Amino acid sequence: MNKVYDHKNVENKIYQDWIDKNYFSSYPDKRKPYTVIMPPPNITGILHMGHILNNTIQDILIRYARMKGYNACWIPGTDHASIATEAKIASYLKKKCLSKEKIGIQEFLKLACKWKNKYEQIIINQIKKIGCSCDWNRKKFTMDSIMNESVTKIFVKLYKEGKIYRDYSIVNWDPYAKTTVSNEEIIYKKYNGKLFYIQYKIEGENNFLTVATTRPETILADTAICVNPKDKRYFNLKNKRVIIPLCSRSIPIIEDDYVDMNFGTGCLKITPAHDKTDKLIADKHNLSVINIFDDRAIINKNGLIFNGKERFKAREEIIEFLKSKKRLVKIENYIYNIGISERTKYIIEPKLSIQWFVNMKDFIIPTLNFINNKKIHFYPKNIKKKFNHWLYHIHDWNISRQLWWGHRLPVYYYNNEYFVVSETIEGALKEARIKSDNIFLSYKELRQENNVLDTWFSSWLWPISVFDGIRFPNNNEIKYYYPTKNLVTAPDILFFGVTRMIMSGYYLMGTLSFKKIYFTGVVNDKQNIKMSKSLGNSPDPIDLIDKYGADADRVGILLSANTGKDLIFEENLCLKGRNLANKIWNAFILINTLKSVNCLKTNIYAELAIKWFDNKINKFLYKIEFYIKKYRFSESFMMIYKLFLHDFCSLYLELIKSNSKFLNKKIINQTIFLFKKIIKLFHPYMPFITEKIWQNFKSKKNEKDLIITNLQKKYFFKNKLIKKFKQSITFISIIRNLRINYNISNKKKIKLLILSENKKKLFYSLILKLGNLCSLHVFKKKPKKKYYSLIFETKEYFIPKLLKSNKLEQKNKIFIKTIFLKQIKNKIYNKKFLENASLDIVKKEKKKELDCLKKIFILKKNINEF
């Protein structure tokens with residue numbers, strides 16, 4: 001076998017073997033279910049390191065559950081991602097000098113389907129490449145026919161119950177995607193803007209009212225100026241009007257407590273079509289509404305001479321116009337937040353529009369009860385505060401999107417403005433005939449709503465719809481697998497999906513969608529910047545897998561991760577993973593090369609090592625399970641890593657090798673047994689190499705593959721034995737340090753003297769062997785002279801001092817060290833050397849000088865003690 005582990009010749013074969021043997025598939029049976037649903041990645045391109053972290057953690061949980069005897073079911077899937085996918089396709093068309101409007105809806109949807117098929121396959125292959133043991137027979141897509149029917153059914157149900165409504169309201173408008181977006185799809189950023197002070201002439205007077213605004217481009221949409229009724233500066237303006245400075249239209253001066261008297265001049269321009277608060281004030285005071293922008297945020301005909309200008313270009317021209325008319329008083333620097341569309345990175349424009357909404361008030365109280373009564377467990381726990389804050393400040397959910405790719409609303413219009421809501425067009429026609437009192441109404445006279453639903457409307461149903469629990473609420477699968485066990489997700493879908501899935505679980509099933517939620521951290525680069533494909537700072541996971549192997553890639557991301565905290569990922573962590581894989585492989589080769597000999601003598605060192613390690617690994621099994629249950633994956637992995645590297649390789653195997661003359665079959669078999677225990681523990685984290693080694697060790701034809709081998713259920717261990725062994729190893733280190741300090745060769749056998757009261761404190765047979773001691777003597781009283789004293793855990797031990805015959809040897813060593821010291825001093829006190837050598841080299845030479853002086857001091861001390 002090769003000394004270096006070759007992942008390229010292992011991973012694909014092992015994964016295909018698992019698939020062929022149907023190990024990932026799950027069907028309801030008598031076992032307890034352990035269900036995980038994959039938060040479906042968007043079909044917008046390849047996966048990034050955040051997906052690798054998320055899917056690695058899910059795979060650890062599912063493999064561990066499978067080995068614990070659960071019926072493990074991990075359902076994979078992909079998300080159609082309306083806005084994100086449509087933006088990607090629009091960008092693709094733009095490069096070909098095309099647009100979705102040019103090619104038309106039918107061609108666009110054909111192209112979207114091709115896009116979905118291409119990128120879904122790429123994503124699935126990437127998930128397989130990392131070793132994820134998903135049930136591929138259950139793979140779902142959010143626009144599959146079953147999903148589509150489920151979404152339609154819930155929309156109709158909510159509408160009939162009065163929980164969905166249609167309203168003319170201010171929404172967040174993305175001018176690039178030309179659609180609304182929800183509050184959760186906006187990123188707010190600090191913007192170094194300007195505050196413009198503009199004069200409005202008071203109608204019928206020669207006086208002016210100065211208004212401060214950050215958005216002069218909306219002046220022509222003003223329908224009032226508002227002041228606070230308590231503001232003494234404006235008492236004289238009651239019932240007066242002002243003239244808009246860009247045209248001759250007059251608007252009223254109104255009063256409202258909402259106005260902040262300390263902001264700007266205390267006068268607020270009211271533009272109801274482009275600000276949510278302004279719209280509320282306008283409704284309260286019965287003001288008219290003027291829309292100034294089209295769907296691309298370009299000034300429309302209401303903008304008069306600025307018609308056709310892009311909003312920020314119009315701002316520049318309006319400011320120049322106001323300057324020329326001497327209506328611009330001053331401009332101040334002003335920092336404020338602006339909303340950016342998360343998907344397209346365009347600045348959001350508030351816009352008055354007819355949209356569809358879900359009334360959220362009926363969902364809030366049950367969700368808060370689930371969260372605050374600890375029926376759902378959060379990891380990390382502090383995430384619960386964000387849940388509560390969002391729920392207490394929740395708005396109705398705008399669910400309609402002005403896109404072509406997505407679930408079309410089951411809304412059918414007739415007689416132009418009237419509509420019905422139905423699961424099918426046949427049902428819609430029947431209902432429309434009744435409502436219109438026209439039995440001759442035909443299909444041709446029905447027009448389905450062009451808008452599609454927000455992507456998250458399908459996602460909030462995901463834990464139920466994957467089991468077809470919406471179309472068939474009491475089917476066997478939903479009863480067996482639901483509620484799911486865990487949800488592993490990134491914090492960025494906390495409000496988009498997680499909270500809403502909790503809401504839908506209560507609404508449809510009367511229970512939770514999942515029992516535990518683990519939020520991974522955000523994966524950052526070494527500059528602590530979030531990794532993203534757009535920034536180009538995220539490596540391609542497949543390139544890393546090809547270079548280092550899937551196991552190494554998984555280890556690399558785990559070495560970065562800490563429960564729920566953001567993490568910094570560097571490629572060299574994958575190198576550490578590969579080195580670990582090679583170390584495991586070399587341990588496997590070493591164990592395979594151990595040869596048994598016919599020896600009647602008992603190997604007390606090997607037997608002691610076997611007892612110790614078997615007890616220690618059993619103790620660790622308990623701790624590892626505890627850490628996994630608490631979602632402390634890095635800690636659980638590091639525990640196994642140290643157990644293997646420090647305890648098994650550095651101690652256990654060294655003890656075995658050092659007594660190779662006395663190895664029998666029993667010891668070798670027990671060594672293989674213990675190594676296989678470690679391999680079992682490593683398997684959820686490093687599935688490929690562990691399965692490969694396991695299959696090489698398989699002695700019986702009917703022995704199970706590692707993936708379906710059960711872990712121990714009970715953990716028996718003797719803590720006293722483990723502690724005594726650890727103390728003995730520590731004592732050996734003290735002896736070795738003493739040898740260094742007193743310049744005693746490791747080859748030289750020495751005596752150990754102990755007091756009778758300390759006789760049972762340590763494993764002295766082990767100390768004699770590894771400390772290279774020739775004999776052990778027990779004294780009742782403390783020896784008087786000629787002994788080095790060792791203090792260990794408040795107990796005193798003794799080693800005889802060197803014999804006088806060694807005095808000449810010590811003097812020779814002093815002579816050699818003195819010559820070496822002189823050579824170092826000649827170098828470091830030489831001016832040319834100091835001028836030309838780097839600071840690091842000078843430091844190294846000075847350290848040599850110091851080390852040499854210490855050794856000479858110890859040697860002289862030894863001679864004096866003779």
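**Exercise 1. Work out how Phe-648 and Tyr-652 are placed along helix H19 and how their rings pair.**

Start with the helix: Phe-648 and Tyr-652 sit four residues apart in H19 (residues 633-658), so about one helical turn separates them. Helices here are DSSP runs of H or I with at least four residues, numbered from the N terminus.

A word on the model: it is predicted, so local features need pLDDT of at least 70 and side-chain atom pairs pLDDT 80 or more, while totals for chains, interfaces and linings use all residues. Residues are numbered from 1 along each chain as its sequence is written, and side-chain values use heavy atoms, leaving out hydrogens and water.

Next, the rings. Rings of Phe, Tyr and Trp (its six-membered ring) pair if their centres lie within 6.5 Å; planes under 30 degrees apart are stacked, over 60 edge-to-face, the rest tilted. For Phe-648 and Tyr-652, the centres are 5.3 Å apart and the planes 10 degrees, so the pair is stacked.

**Exercise 2. Decide whether Phe-648, Tyr-652 and Cys-97 are buried or exposed.**

Take the cut-offs: buried is under 20% relative accessible area, exposed over 50%, partly exposed in between (1.4 Å probe, protein chains only). Phe-648 has 0%, so it's buried. Tyr-652 is also at 0%, hence buried. Cys-97, at 62%, is exposed.

**Exercise 3. Classify the aromatic pair of Tyr-631 and Phe-633.**

The structure holds 53 aromatic pairs. In this one, the ring centres are 5.8 Å apart and the planes stand at 85 degrees, so it's edge-to-face. Finally, check burial: Tyr-631 and Phe-633 are both buried.

How values were computed:
Helix = DSSP H or I, 4+ residues; strand = E, 2+ residues; numbered from the N terminus.
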